[in-house]
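Subject: Handover of a structure and notes on its features

Dear colleague,

Please find the structure below, together with its sequence. My notes on what was found in it follow.

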Amino acid sequence: MFGKNDLIEAASLVYRHMPPTPQYSWPLLDECTGATVIVKHENHTPTGAFKVRGGITFLDWVKRTQPGVQGIVTATRGNHGQSQARAATAAGLRATIVVPHGNSPGKNAAMRAFGADVVTFGADFDAARGAAARLASSENLFPVPPFHREIVRGVASYALELFAAATDLDTVYVPVGCGSGICGVIAARDALGLRTKVVGVVSTEAAGAKLSFESGRLTATDSADTIADGLAVRTPVEEAFAIYARGADRIVAVSDDEVREAIRILFTATHNMAEGAGAAALAALLQEKEKMRGRKVGVVLSGGNIDAPLLADILQGAA
């Protein structure tokens, strides 16, 4: 997708707005997985998730290529929306964000705090995405897709940081929603000429990316009902699928129970909060720990934006 200089240029832009995030080794994670685990802490960004990076590069591109634009509109389950709202407000643009009914109250509040007008529509992300497209036309707003080259270019900066700190990773586990995260990791790995395997992680309740990867054709699911809202996508994004279909080693599906356990382990072992999608990578490593025993593995903690009542229930062992 990109040359090394393309990604370094994007990273330089990102660093005008935020510092790099850390990657740490946690001995308690090594003990419970049997691997040497490096956690990439994207929960430490200004929005609490990796998406902020893509918002920075995408809105820079919009300002340069769409000089007459007055505002943007996009659909989200929360982290993409925070990213776009933050970047649009900083650029002096209006931001309208469409979320489905039942979306995370905490994420909705954060998007409003970043300056967005939050609109609720539909039962899930895919329905909200359709509503966003209609608003773009009726209100003359620039439509922000869930996946775009410039979003991936910014997101890839976290993978550059991870690979610079740990060039000898055998495997990196990456959560997959619309696909910017896994495509950013693949882009950085390929630009740097590394041999690290990239493993995508989806929910068993929203396994479209896994089904598509294994069948070789885009495959949607009928529903996407999971506590890992960042993974709750019924229809995979075709442009992203074209990249991870070639660049990923495999895609693993994790259950909500496995995600809950990974959230508990991350809290106990690292004292970091992880939202469902943020814990999915560790859940996949735990599922495959016999296969990965003795190897050096990267785990992307993609976000920590979990609502307090849900976190409290999970930490208390609720199903």
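By class, the lining of the largest pocket comprises five nonpolar, eight polar and seven charged residues. This pocket belongs to a predicted model, and about 310 Å³ of space lies within it. Its lining consists of 20 residues. Those nearest the pocket centre are Arg77, Gly102, Thr226, Ile227 and Asp229.

Regarding the strands, S10 (residues 296-301) is mostly covered, with five of its six residues buried. Strand S2 (residues 36-41) runs parallel to S10 and is joined to it by six bridges. Within this pairing, Val39 stands opposite Val299 of S10. Strand S7 (residues 171-175) also runs parallel to S10, and three bridges join the two. Here Thr171 has Val297 in S10 as its bridge partner.

There is also an open sheet of four strands, in the order S5-S4-S3-S6 and with parallel pairing. Strand S5 (117-120) and strand S6 (142-143) stand at its edges; each has a single partner strand, so one side of each is left without a neighbour in the sheet. The pairing of S6 with strand S3 (residues 71-75) is parallel and rests on two bridges. In general, strands of a sheet pair through backbone hydrogen bonds, either parallel or antiparallel.

Glu288 is placed in the loop between helix H12 (276-287) and helix H13 (289-292). Is Glu288 buried or exposed? Its relative accessibility is 10%, so Glu288 counts as buried, the cut-off for that class being under 20%. Leaving aside residues up to four places away in sequence, Glu288 touches Tyr173, Arg250 and Val252.

Finally, the cysteines. How many disulfides does the model contain? The count comes to zero, where a disulfide would require a pair of cysteine sulfur atoms within 2.5 Å. Cys178 is in no disulfide, as the nearest cysteine sulfur, that of Cys183, is 11 Å away. Cys178 is buried, with a relative accessible area of 11%, whereas Cys32 is partly exposed, at 25%.

With kind regards

Conventions
Residues are numbered from 1 along each chain as its sequence is written. This is a predicted model: local features need pLDDT of at least 70, side-chain atom pairs count only at pLDDT 80 or more; totals for chains, interfaces and linings use all residues. Side-chain values use heavy atoms; hydrogens and water are left out. On a 1 Å grid over the protein atoms alone, a cavity is a set of points where a 1.4 Å probe fits but cannot get out, and a pocket is an open set with protein on both sides within 12 Å along at least five of seven lines; lining residues have an atom within 4 Å of a point. Grid points are joined across faces, edges and corners, and a volume is the space filled by probe spheres set on the points. Ala, Val, Leu, Ile, Met, Phe, Trp, Tyr, Cys and Pro count as nonpolar, Asp, Glu, Lys and Arg as charged, and the others, Gly among them, as polar. Buried means under 20% relative accessible area, exposed over 50%, partly exposed in between (1.4 Å probe, protein chains only). Two strands pair if DSSP finds at least two bridges between them. Contact means heavy atoms within 4.5 Å.
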